[in-house]
Amino acid sequence: MPSSTSNSRRLTAADRPGVAQPVPVRDLPDRPWWPILLGALLLAVALTGVWEWHWRALGAIPGTRDDNALWARQRRKVDEGRADATVLIGSSRTLFDIQLPVWERLSGRRPIQLALVGTSPLFALEDLAADVQFKGKVLVGVTPDLFFSGYEYLTGLIPYLRKESPSQRVGKLISMDFVEPWFAFYDQDFALFTVLRRQPWPHRKDLEESISVRKLLISEPDRNAHLWSKLETDADYRSLARRIWTQNFDDPPSTAQEIAENQRTLDTQISRASTAIARLRARGVPVLFVRDPSSGDYLAFENRAFPRRTSWDVLLAKTHAPGVHFQDYSALQGYDLPEWSHMTRASAERYTEALYGIIERDFAPPDGTRW
Amino acid sequence: MVFNTLTFVVFFAIVVALHSLPLAWTTRKINLLIASYVFYAAWNPPFILLLWISTVVDWYAAQGLVRAERPSSRRAWMLLSVVANLGMLLYFKYGKFLLLNFIAVMATFGVHYQPPDIDIVLPVGISFYTFATMSYTLDVYLRRALPARNFLDYALFVTFFPHLVAGPIMRPTELVPQFERPRRANARQLCFGLALMTLGLFNKVVLADTFLSGAAERVFDRGKVPGLLDAWAGTLAFSGQIFCDFAGYSTTAIGAALCLGFSMPDNFRFPYAAVGFSDFWRRWHITLSSWLRDYLYIPLGGNRHGPLRTAMALMTTMLLGGLWHGANWTFVVWGGLHGTYLLAERGVRKRFSGYRPGPFALLGLGLLTYTLVNLTWVFFRAKDFGTAWSVLRGMVGFNTGAKPILPVIFLSSVAVIVTGVVTAHWCMRERTLESVLARTPPLLLAIVWGLMAFAIVISQGSGNAFIYFQF
C-alpha cells in the first residue's frame, strides 16, 4: 500500500479484461492525518454543541424518539408476557391525553400505549384483533377526522413489527441509552432538511403546499407522552399550530357524489372496526371507545364534518361496544387544549384521573378485573 | 447491518479494537469471520445458511476442479457451482417474477392458472455474494487463479463484511492473498479510512437521503403526471441519488476495509464525466461491469467473432446485467437501452474513427452521454412502465397542463447538488481523489471533514437501506 500519490489514473478491473485481478493498490495521500482527524473531530463536536444549544434555547428538551422501533417495542410487550394488559389504541389525543403513570397509580397496572400520531388507528386495532395471544382490554380513542375519514399513513408499522431486524432493535436500544436522553436536537422536527423546508422559499404558482405539523410531542421510553410545553408558553408557536390544523378544515362535501363517497368511507371504517371488535369479543376482550376532548375551531370543524349522530353514535350502535364521549361527562370537560386538539400535561393528568374513574364506575369488566 | 446506523458504529468500533489486539493472525481472521457473520445475521439470522451453502459449494467445487483431469469433469464441477449459485439467485430473487410471467403467458393462451400466494423474502446482498463466490470457481476453472490455500481465507473472502452485501464485487485474487499475511492498519491508514467512511456516509445520508431522495420519490411514486420541469428534476434527482447512495456505500466499504488494513478496488471513477457509454461502464459500478465482461461477455464470444456475434454478446450481457438489478422488466429495458447505446457508439466510433474531439466537443459529448444516461434512469427508477412513460412524456414536454409537483426547496436542492456532482466529476475526470487530497492544505481537509461529519449528524438519517441492497 504505497504512501505516495501519483496524478495518474489508478487502474481498475475495467482496464484489465479477461485476466485474474491483482490485489488492489490504494494510495495514501501524504498528509498529517492525525492532526487533521483531531481538527475535524473538534470542529464537528463544536458545531454540534452550537446546534444543540440553539434548539435548547428555543425550548427543546431531550425526549425519546417516537418511531417505528419504539412502537414495536411496546407492541411486543403484548406477546412477551403482558397478554392480559390494557392496551391503548387511538390517534394523538389518546397518546397525549392519557397519562400512563396516573392510570397505573389508579389501576395498579401500567397500560401499553399503542396510539399513533396523525393516523386512523384501525390497522393497529385489526392487528391486535388478529393476535390470538392477546386477552387483555382495549381502549380505542376516536379522533373523528382521522378515524372516520380512514386516513392511514403509518400502515408500514405492522410489516416493520414483523420484519424488524436484530440490527434495528439493537440500534434503538443504543439510541435510547446514548443519544435520545442527551440531545434535544435529535428530533425529526429539527432535522436539517425539515428546518430548511420551513424557510420562506418562493412559492411555485399552482403548487398545492401545506405547512407540515410541527413538533408537539415529548415522549418517554414506554411512549408515555405529553404536549410540548412550548405550546403553553409561546403564543406564536401555539398560533402556528392552530393555523396548521386550520389547513385541514375543509367544508363538508356538498355534491351528491362527494357525500356518497364520504358515506362509503365512513361505512367502511365502521365495518372494519366491527369486524375487529367481534374477533376481540369472541376471545372475551372488552373494548371501549373514547372520544377525547377537542375545542375551538377544531371541535367546530369536527361537528360540521363528522356530526356525532352520523359517526360516533353509529359506531357504537354497529359495533355494540360501549363508549365514553367527553361531551356526556362534565368531569371530562373544561381542560386546557392550547391548540384545540391536545391537552397540556397538567390537564392530561387530571383528565386521565377523571376518565379512569368514569371507566371503572360505568364500564367495569364483568370478570371483576380492573381496566 | 447498514453502514449508516448506530448499530454499525458500535459494531465497527468493536471490530477495529479486536483486530488491533496483539493476537495471532489466525485468531484475528477468525474474529473477522465471526464479525462478518454477525454483520449479516443482523438482518435476518436464518439467511446465514445461504451464505454457508454458497461458501461450501464453491470451496468443494474449486477443490474438485483442481483434482479433475478430464475436461468433462472440470466442466461438471464448474457447473455445480454455477447451478447452485444461480439456482439460489433464481429462486429467491426471480421466483415470483418468473411465476407471474408464467401466469401472464398462460393467460394469453386462455389458461387461467392461479398458484397459491408465495411470499419470498429476498436475502440481502445475495446478488453480490453469489457473484463473488462464482468468480472464485470460474477463475479456477478458467485457470486464471489457484484455489485458496485454506478454508478460513476463502470463507473470509466470501464473507468479509465491508463488501458482503453491496460490493465492490471482489475477486478471490484481489482479497485472498491479503489474508495470507498479517495485516493491521497503521495510524495513517486508520485516519484515511475514517475520512473515506465519512465521505461515503456524507454522500449517502446527506446528499442522497436528505436532499435528493424526496424529489425523486415525489415524481416517481405518487402517481402524479409531471410537467417538463418536474420530470427532469425528478430524474436528475435520481441520477444524483443513485450515484451518491451507491458510490457512498462503496467509499464507506473501502474506508472500513482500510481501517482494518485491507485494500478494496475502486467501484466508481467519476462516471458522470463519461464521454460515451463504453467510457461510462468503465466508470460506473466497475466491479459489476468487469465481472459481466469477464464471465459473460467474453465467454459469449466478446468481439472476436464478427459484428453480429459481438452485438448479440453485448446485448445479452446488458439485458442480463439489467435483470441482475431487479426482477422487473423495467430493469431489462434499462439494460437494453444501455446495450443499444453501446452498439450505436461502436458504429459511430467506426464511422468517425479519425475524429478527436476538442475540449468543447468533449464537454458536449459528455453532456449528451449524461442526458442519455438520465433517460435510462427513468426505467431504472420507475416501478412500472406507466410511470416511466409518464415521466418520459414530461421530459419531452408532452404533459402540457400538468400541475407542479416539487416545491422550490426540492428544485433548488436538485439543481445545486446535481450540478455540483457533475461538475466535480468533470474536474476529477483524469484524477484520483487521493491525488487531489495530497495537494490540499491540512487545515482545509480538517474543515471539510468536520463539516461533513456535522452535516451527517444534523441530517438525522433514519438508517435508510442503501438502494443496491434490494439488488
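A:His320 sits in the loop that joins α14 (312-319) to β7 (323-325) of chain A. Helices here are DSSP runs of H or I with at least four residues, strands are E runs of at least two, and both are numbered from the N terminus. The phi angle of A:His320 is near 55 degrees, a positive value in a residue other than glycine. A:His320 is exposed, with 11 other C-beta atoms within 10 Å. The cut-offs are these: buried takes 20 or more other C-beta atoms within 10 Å of the residue's own, exposed takes 12 or fewer, and partly exposed lies in between, with C-beta atoms placed from the backbone.

This is a predicted model, in which local features need pLDDT of at least 70 and side-chain atom pairs count only at pLDDT 80 or more, while totals for chains, interfaces and linings use all residues. Residues are numbered from 1 along each chain as its sequence is written, and chains are lettered from A and ligands numbered from 1 in the order in which they are written.

**Confidence**

The predictor gives the complex an ipTM of 0.90 and a pTM of 0.92. pLDDT is the predictor's confidence in each residue, from 0 to 100. Chain A has a mean pLDDT of 92, and 98% of its residues reach 70 or more. Chain B averages 93, with 98% of the residues at 70 or above. Two residues are in contact if their C-beta atoms, placed from the backbone, lie within 7 Å.

**The two chains**

| Chain | C-alpha span along principal axes |
|---|---|
| Chain A | about 80 × 50 × 45 Å |
| Chain B | about 70 × 65 × 55 Å |

Chain A comes to 15 helices and seven strands. Chain B has 19 helices and zero strands. The radius of gyration of chain B, taken over C-alpha atoms, is 23 Å, close to the 23 Å that the globule rule gives for 471 residues, so chain B is as compact as a globular protein of that length. That rule is 2.2 Å times the number of residues to the power 0.38.

Of the 371 residues of chain A, 37% count as buried. For chain B, 50% of the 471 residues are buried. Among chain A contacts between residues at least 6 apart in sequence, 81% join residues at least 24 apart. In chain B, 75% of the contacts with a separation of 6 or more link residues 24 or more positions apart.

**Where the chains meet**

How many residues of chain A are in contact with chain B? There are 59, and they touch 65 residues of chain B. On the chain A side, the elements that give two or more residues are α1 (33-57), α8 (166-178) and α9 (192-197). α1(A) gives the most, with 12 residues. By class, this side has 36 nonpolar, 13 polar and 10 charged residues. Ala, Val, Leu, Ile, Met, Phe, Trp, Tyr, Cys and Pro count as nonpolar, Asp, Glu, Lys and Arg as charged, and the others, Gly among them, as polar.

α8(A) has 13 residues and reaches 18 Å from its first C-alpha to its last, close to the 18 Å expected at 1.5 Å a residue. The expected span is 1.5 Å times one less than the number of residues. A:Ser167, A:Gln168, A:Gly171, A:Lys172 and A:Ser175 are buried in α8(A). They cover an arc of only 135 degrees around the axis, which puts them on the same side of α8(A). The arc is that of the directions from the helix axis to the C-beta atoms. On the other side, A:Asp177 and A:Phe178 are exposed.

In α13 (residues 296-305) of chain A, the buried residues are A:Tyr298, A:Phe301 and A:Glu302. Their arc is only 100 degrees around the axis, which puts them on the same side of α13(A). Their cover includes α6 (144-147) and α11 (235-246) of chain A.

**Two residues of chain B**

B:Gln460 is found in the segment after α19 (442-459) of chain B. Its phi is positive, about 55 degrees, although B:Gln460 is not a glycine. Is B:Gln460 buried or exposed? B:Gln460 counts as buried, with 20 C-beta neighbours inside 10 Å.

B:Arg28 belongs to helix α2 (residues 25-41) of chain B. B:Arg28 is buried, with 20 other C-beta atoms within 10 Å. B:Arg28 and B:Pro182 are 154 residues apart in sequence, yet 8.8 Å apart in space, C-alpha to C-alpha. Leaving aside neighbours within four places in sequence, B:Arg28 is in contact with B:His19 and B:Leu23.
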